[in-house]
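Please keep the sequence and the structure in view while reading.

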Amino acid sequence: MMRVLTNRFTQTAILLSMLVLLSFQNFSHARWREQIRNLTFDYYNILKPYEAGNDVVIIDIDEASLAHNDLGQWPWSRTKLADLVDQLKKFGARVITFDMVFSEPDRTSPRYLVDVIGDSAGVAQADLVRETLMTLPDNDQLFGDAIERAGNVVTGFSLTNEETRGSPRLKASIRGKQIDKYVPNLEGVAANIPKIVRHAAGNGSFFVSSDTDGVIRRVPMIVAHKRHDGTITSIYPSLPLESIRVLWNEPSMSVELDEPWLAKLDPERFGMRGIKLGNRKKLIPTNPKGEFLVYFAKPQKDWYVSALSVMNGTVDPARIKDKIVIVGTSAVGLKDIRSTPLDPFRPGVEVHLNIIDQILTKTFLHRPVDAIGGEAVSIFVVGGIILLLSLFTGALVQLFFVICLIIAAFSLGWYAFTEHGLLIDVLYPSISVLLIFVVSAVLSYLRSEEERRRVRQAFGLYISPDFMDELTRDPEKLVLGGETRDLTVMFTDIRNFTSISESMSPEALIQLMNEFLTPMSDLVMDNRGTIDKYMGDAMMAFWNAPLEDKDHARHACIAAMKMNKSLKPINQKLLAMAEAERRPAILLKAGIGVNTGPASVGNMGSKQRFAYSALGDSVNLASRLEGQTRNYGCSILIGAETQRQVPDFATLELDLIRVKGKNDAVKIHGLLGNELYRKQKFFAPWYDAHSEMIAHYRKQDFDRAEKRLKDCLELSGGRLRFFYTLYEKRIEMLRAEPPDKNWNGIYDALTK
């Protein structure tokens with residue numbers, strides 16, 4: 001599967017398929033696609049809200065109005081609403097629009113009180129009262145008369161998807177062919193009673209549809225009412241559109257449509273273009289579904305005028321004169337809460353205000369089909385350029401190109417919105433282009449990794465994995481040469497290997513060596529080391545090359561300590577084999593030498609064959625230390641510099657020796673354990689006694705040295721007994737043949 005996926009032809013096919021799919025998805029109406037569009041346009045609106053004018057105000061039935069004794073709780077009597085209409089007309093309102101529906105008669109009208117009065121004895125003049133009430137005017141009639149006197153009232157009705165009987169009264173004629181194919185078709189209606197709507201100057205729907213996330217961004221300007229059998233009764237304008245028609249005193253309106261053949265091709269994108277009122281040339285643009293794209297302004301307190309101040313005459317007449325007034329409510333429990341891009345909780349009456357104000361100021365948002373097509377083309381073109389760039393440039397150049405294009409796209413989109421009201425979705429094309437780049441980069445990476453994997457398979461068995469990684473990242477390092485840096489070098493060797501090999505067959509010996517070297521190698525690499533070479537039963541490794549490791553001495557010491565523990569399962573197997581063959585068991589013991597110092601490291605050898613290795617005096621000393629482990633009875637010997645870099649580990653200075661092949665003496669230390677071992681109670685007194693023993697020995701104070709040596713044996717619990725026995729013999733020899741006065745304790749190692 002990976003070989004197919006990393007094939008260049010397969011990758012090109014994948015990227016081209018993505019390119020075509022992402023381009024065509026720009027035309028999709030899927031929910032996720034709409035959400036991306038909406039996110040883009042919402043942020044346009046958020047970053048630069050619409051600046052509303054002052055030609056529209058809301059007559060607010062607020063908490064103060066409801067709390068006033070003369071007005072009281074909602075619903076108010078229609079006589080009070082009649083007074084409100086009279087007052088608004090008196091203050092010079094150009095249009096009075098009601099964002100509410102009066103679908104039922106006023107139950108406080110006098111004729112409804114007649115049924116309440118009974119014939120009980122407590123009501124002696126009941127008949128007279130009933131006759132008097134019947135002579136009083138009906139509240140709904142009084143409200144209708146006020147509407148007639150004003151001559152500029154627009155009533156509203158509600159359309160729903162629930163089937164009901166009756167139809168709203170149509171006040172304006174709407175011209176256009178087959179409009180119902182493009183606009184919402186709704187069966188249910190909550191219409192005003194005839195007494196109220198009869199003399200209204202306009203009657204509009206306040207049907208508002210929200211997007212899938214509940215946010216209002218588009219409002220239908222035209223709606224169709226149909227019967228349950230599917231026949232259309234009438235086409236109606238929206239409440240804001242009807243308010244504008246009454247304001248401009250136009251008797252009719254016409255719907256402008258796209259070409260019919262385009263509508264048949266794609267009714268989602270080709271339908272309505274807009275609405276013209278009367279003979280006016282100016283088009284109120286809509287989307288193909290007849291929806292007005294609302295550009296929301298930040299809510300303002302100046303939009304609201306308390307109905308109480310209008311009723312009691314205290315309002316500033318300038319707040320009402322020559323304006324469109326919308327009668328609505330902000331009272332808790334009454335207001336129609338709507339979610340907008342600027343605020344998730346706003347009174348629905350503000351939606352009507354924003355639409356009316358936009359039409360008055362001729363501030364429209366446009367989302368033409370050309371913009372949608374341009375977005376798709378940009379995805380295809382830019383994505384194609386990225387594919388071409390991937391053949392000649394690296395990922396960084398492509399990323400820089402993509403980032404520059406995305407910045408340019410957002411700048412263009414912002415300019416189009418702020419200067420022309422044009423809605424261009426720059427987010428989806430940017431995501432698409434970025435996705436193409438990411439997939440292209442990932443596929444290129446997979447292809448490169450596959451090539452590197454093949455190189456690793458070919459050479460990984462001969463050089464260290466870390467160096468293999470660095471080599472595949474930088475093939476130029478595949479040349480002769482090196483550098484000097486501080487390394488920690490380790491040599492390991494199996495004790496009594498000759499005796500072990502004599503007791504085993506060649507096959508069993510090879511298997512034993514594999515079982516020994518495998519965990520040893522794992523420990524080196526697990527602790528960030530590099531294996532240099534295997535030499536029969538021995539191994540050389542080093543730290544801090546090819547990759548830098550600040551704690552190279554510590555990691556080398558940790559690996560060394562774990563190596564001795566890893567021999568236990570191998571020795572258990574050897575013991576079982578010896579018991580089965582009824583012969584003495586020869587168990588594995590490893591000697592380990594570790595030293596830190598400068599060394600030359602790099603590719604060494606000939607032009608025909610070379611290896612990554614290390615050379616230098618510090619490397620030779622590590623080898624000598626490994627050889628001395630058998631002489632001192634300590635499985636791990638480390639150099640002075642190594643000991644200096646692990647001061648918290650349990651170490652003891654063992655000797656000052658001049659190894660074979662060197663003129664200068666060096667201190668050697670035994671590595672006994674980690675920092676937890678050093679913190680054990682017995683170690684501190686043992687360490688002090690041991691240090692004093694070494695100091696007395698080098699000062700030729702052999703009596704005190706011998707005394708402290710015995711203390712060491714007791715305090716150590718028998719540890720390093722071979723080492724202390726060695727010093728007992730040395731002291732005996734030095735007493736028999738005292739050294740000269742300039743002797744400082746240096747021991748000349750005669751063997752490697």
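This is a predicted model: local features need pLDDT of at least 70, side-chain atom pairs count only at pLDDT 80 or more; totals for chains, interfaces and linings use all residues.

Across the whole structure, a search finds two cavities of 30 Å³ or more. The largest cavity has a volume of about 70 Å³.

Residues that line the largest cavity include F296, A297, P299, W303, T340, L342 and D343. R346, P347, E350, V351 and N354 also belong to this lining. Two elements, strand 18 (346-347) and helix 13 (349-361), each give two or more residues to the lining of the largest cavity. Helix 13 provides the largest share, with three residues.

Three strands make up an open sheet, with mixed pairing and the order 5-9-10. Strand 5 (185-186) and strand 10 (232-237) are at the edges; each has a single partner strand, so one side of each has no neighbour in the sheet.

Strand 5 pairs with strand 9 (residues 222-226) in the parallel sense, over two bridges. Within strand 9, H225 is the residue that stands opposite L186.

## Aromatic pairs

How many aromatic pairs does a search of the whole structure find? The search finds 24. One of the pairs joins Y677 and F683 in an edge-to-face arrangement, with 6.1 Å from centre to centre and 70° between the planes. The angle counts as edge-to-face because it falls in the class of planes over 60 degrees apart. Y677 and F683 are both buried.

Ring pairs also link a cluster of residues: Y632, Y697, F702, F723, Y724, Y727 and W743.

## Charges over rings

The charged end of R678 sits over the ring of Y687, at 5.3 Å from the ring's centre. R730 lies over the face of Y747, and here the distance to the ring centre is 3.9 Å.

## Cysteines

The count of disulfides in the model is zero, where a disulfide would be a pair of cysteine sulfur atoms within 2.5 Å.

Is C712 buried or exposed? C712 has a relative accessible area of 0%, so this residue is buried. C404 has a relative accessibility of 37% and therefore counts as partly exposed. The reasoning rests on two cut-offs: buried means under 20% relative accessible area, and exposed means over 50%.

Key: Residues are numbered from 1 along each chain as its sequence is written. Side-chain values use heavy atoms; hydrogens and water are left out. Rings of Phe, Tyr and Trp (its six-membered ring) pair if their centres lie within 6.5 Å; planes under 30 degrees apart count as stacked, over 60 as edge-to-face and the rest as tilted. Buried means under 20% relative accessible area, exposed over 50%, partly exposed in between (1.4 Å probe, protein chains only). A charge sits over a ring if NZ of Lys or CZ of Arg is within 6 Å of the ring centre and within 35 degrees of the ring normal. Two strands pair if DSSP finds at least two bridges between them. Helices (H or I, at least four residues) and strands (E, at least two) are DSSP runs, numbered from the N terminus. On a 1 Å grid over the protein atoms alone, a cavity is a set of points where a 1.4 Å probe fits but cannot get out, and a pocket is an open set with protein on both sides within 12 Å along at least five of seven lines; lining residues have an atom within 4 Å of a point. Grid points are joined across faces, edges and corners, and a volume is the space filled by probe spheres set on the points.
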